[in-house]
Amino acid sequence: MRGRFQSLRIRMPLSLVAVSMATSFFVFMAIGVQSAVNLRADLQRSLVSEARALSAIVTEAVRHDDVWTAYTAVNGGRYSGIEYDERESFRVVLDQYGRIFASDRPRQFPLAAALDDTPLAWLLADMTLQARGGAVSHAEWDGRQFVLLPLLSEDGQVGTLLMAGPKDAVRIRLLALLKQGLLVMIGLLAVIVPLGWAWGSRLVAPLVQLAQCMRRISQDRIEDLECPVYTGGDEIGQLGQGFRSMLEELRAKQELERQMLAQDRLAAIGRIAGGVAHEINNPLTGMLVAIDSYRQQPASARNHDKTLGLIERGLRQIQETVSALLVECRVERRDCTPDDIDDIERLLQANEAARRVALSWHNGLQAPLPLPANAVRQILLNLGLNALQAAAGSGGGSVRVDIEQSGRDLILAVSNDGEPIPQSQLEHIFEPFHTGRPGGTGLGLWITYQIVVQLGGEIEVSSDDQGTCFRAVLPLEEGAVAELAEGRR
Amino acid sequence: MVMLTPMRRREFLLWGAAAALTPVHHVLAAEPLRIGLTPVILDDRVAFLRRWSVWLAKQLGQPVNFVQRAKYQDIMEQLDRRHVDAAWICGYPYVQHLDTLDLLAVPVYRGEPLYHAYIITQRKRREVQKLEDLEGRSFAFSDPLSNSGYLYTAYRLHQLRPANGRDRFFRRTFFTWGHRHVIEAVASGLADGGSVDGYVWDQLARLHPELTGQTRIVERSPAFGFPPIVSTHGSEPGQQRQLAEVLSQMHEDPEGRELLASLGLDGFVFRTPKLYAGIALMASTVGDEGFAG
């Protein structure tokens, strides 16, 4: 999932969509705040104008002690006797002593009562102070707006008109407004989001194409790579152009490598042929010399046995060489057991070189594995002997052998801390007749390599100042092994 | 002069066509008969009043204008100055002006020319069971010249508090200038109690039960003479006698019966001023004492 979101193909359109949504949201909030301010001001204005409209008739009513007229005025022609609910808005007329003269909510504000000791009384006192001089005063309390208008006669105040707007009016109207705004915004986003997505996708498309082409470099052969990339004038186009020229250079480089590889191969064949010729030529020379000297000796003095023995040894040497070259993993159906591994340890310990070397052996096998025991033994023996000798050669070092099963593989790792193998030798280390040791045949690693390859595995070597490590990985695929056995038979 | 709205003009024309046999030109040309109305009835039903005036004009052969004023006093002054030819007023101002007013006709309500005054309170005020329970509360009167809307309650207070303290019986009183408004004031909670014309309350209970449903009758007065139709003594007796005749025969005419039904009345009858002796007694007992405010 995370990988999906790492793709620009998703991230770019998503960013555009997110930006448009965030913009809408902030515009929406700004409108909301402005609307709240406007609504509050509107509400206050309407309360004030309503109060002013009522003031003339209410003033007269108070002056004439006409409760009913004041009541009908503040009640605004609503049907009497029926409770109404405008979010608890109210209008109260107070006489000059501050007693209730009339109100549109008589049950809440009974006639001739005073507002003593109610929160409203405090508010009223506060607003009255502000309203000194006959001005309108405003207040906001308990989620509603209040307007207080002194009722003035010619030269004095006859009473007070207190108006309270609907409770939570601003909030409720704002919510209604925002709900509408939200719907509009959702509608807009329904258009903008797909557009943003499409645009973002379009922007990213050349990049995606480029990325796909790059991925194919590692998968396909570069010669076969047919990859149309965008090469416009913008930055992505420049990337595409860069990619094209890189591809061409890669092709040229690969061509060069192929040529070098072919030459290397020829060189290796030459080396091998040379090695074979050398190995066969030596006994051949000996044998020819023996035959020659046999002929030159008088018949009586001819020693058949000696000559024949000489020729036989020569031929045997040739045979050994040839059979070593034709490595065959003689497949037997005997599974490799932990004991086989331990046997090799014992064999190595018996080696003369082991006496000067610290051999640490880690046999990670618990149960028999479906691998030919002989093959595994030979690989281990060859690698182990090589390691012991390399360690001993540098004057007593250490060798470490790790055998363990990892999933469907058996891993054999043999390392020593002897002299590192030079890079030039590493490249040819698995070739036959290549030896880094005086007296070596140069066939040990060749044989090991052949066995590993025939088992379907891989072997690799690394060497540096820390030491040298051979690592063979043998697959435990039953089928593969069985097939191998089948093919050999 | 009354302006004729298109509606009114059309009605006049319609009526003129219907009454083709009567001397139309005479009717239109004649001075209109002006009848003063007070809120002793539901005088805010404009369409009904229009129909009634058309019917009366047809019967009288003379246009009829209803003159409406909010306060009884205004109509009394109009009568006094002969700005109206007749008026439907309350029994209380009638007994006050017995010497200057002629009794033309008395409405018949539920078989008798009588009605009651109601003292009402809010339906939910269970603690108020009689007039005394309204002491210290706010109270709505209809008009200082109303029998049922003022005089009766004033008289009852006179009985309850013969010595003094009548002024401070209620915490606060006010006039609403109309029986309907008294009911509205009580229903809304503006007043804890009110003094109201029983006939008006009954009519309103028929037309707007949701309004009267908010109120409850605490006390019913004895029967009094129903608010009468009167005229100023000595002004065009022929014309007034004709009006009284038309009213008294109203129940015989189908359209007249319909109008009466709309008023909730059975008809009009002639009666002597004696019918209003009860009101006169209360008026003399209470005298000019007032206690509003």
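A salt bridge is a side-chain nitrogen of Lys or Arg within 4 Å of a carboxyl oxygen of Asp or Glu. The close-up views below are all taken from a predicted model.

**View 1. The salt bridge between B:R180 and B:D44.** In this view the side chains of B:R180 and B:D44 meet in a salt bridge, with N and O lying 2.9 Å apart. Chain B is divided into domain 1, which covers residues 6-109 together with 227-273, and domain 2, which covers residues 117-221. Between domain 1 of chain B and domain 2 of chain B the count is one salt bridge.

**View 2. The interface of domain 1 and domain 2 of chain B.** Although the C-alpha centres of domain 1 of chain B and domain 2 of chain B lie 29 Å apart, 22 residues of domain 1 are in contact with 19 residues of domain 2. Together these two domains of chain B bury about 1,600 Å² between them, and 62% of that area is on carbon and sulfur atoms. Six residue pairs are found in polar contact across this interface, both residues of each pair being at pLDDT 80 or more. On the side of domain 1 of chain B that touches domain 2 of chain B, the elements that give two or more residues are α4 (72-80), α5 (91-96) and α11 (254-263) of chain B. Sorted by class, that side of domain 1 of chain B has 15 nonpolar, four polar and three charged residues.

**View 3. The contact between chain A and chain B.** Here 15 residues from chain A and 21 residues from chain B take part in the contact, and the two chains bury about 1,600 Å² between them, 58% of it on carbon and sulfur atoms. The count of salt bridges between chain A and chain B is one; B:R172 forms a salt bridge with A:D65, in which the closest N and O atoms are 2.7 Å apart. Across the interface of chain A and chain B there are also four residue pairs in polar contact, with both residues at pLDDT 80 or more. Helix α3 (residues 67-75) of chain A supplies three residues, the largest share of the side of chain A that touches chain B. By class, this side of chain A is made up of 10 nonpolar, two polar and three charged residues.

View 4. For orientation, chain A is divided into domain 1 (2-173), domain 2 (223-326) and domain 3 (335-488), and the C-alpha centres of domain 1 of chain A and domain 2 of chain A lie 103 Å apart. The residue shown here, A:D402, is found in strand β9 (residues 398-406) of chain A. The side chains of A:D402 and A:R400 are joined by a polar contact of 2.8 Å. When residues up to four places away in sequence are not counted, A:D402 touches A:H362, A:I411, A:L412 and A:A413.

View 5. Chain B averages a pLDDT of 87, and 88% of its residues score at least 70. Over residues 1-7 of chain B, however, pLDDT stays under 50, and the model has five contacts beyond four places in sequence for this stretch. Where pLDDT is low, the predicted coordinates should not be read in detail.

Technical notes: Residues are numbered from 1 along each chain as its sequence is written. Chains are lettered from A and ligands numbered from 1 in the order in which they are written. Side-chain values use heavy atoms; hydrogens and water are left out. Domain bounds come from an automatic or database domain assignment. Contact means heavy atoms within 4.5 Å. Buried area is the accessible area (1.4 Å probe) that two parts lose on being put together, summed over both. A polar contact is a pair of N or O atoms within 3.5 Å; within protein, one must be able to donate a hydrogen and the other to accept it, and residues adjacent in sequence count only if both atoms are side-chain atoms. Helices (H or I, at least four residues) and strands (E, at least two) are DSSP runs, numbered from the N terminus. Ala, Val, Leu, Ile, Met, Phe, Trp, Tyr, Cys and Pro count as nonpolar, Asp, Glu, Lys and Arg as charged, and the others, Gly among them, as polar. pLDDT is the predictor's confidence in each residue, from 0 to 100.
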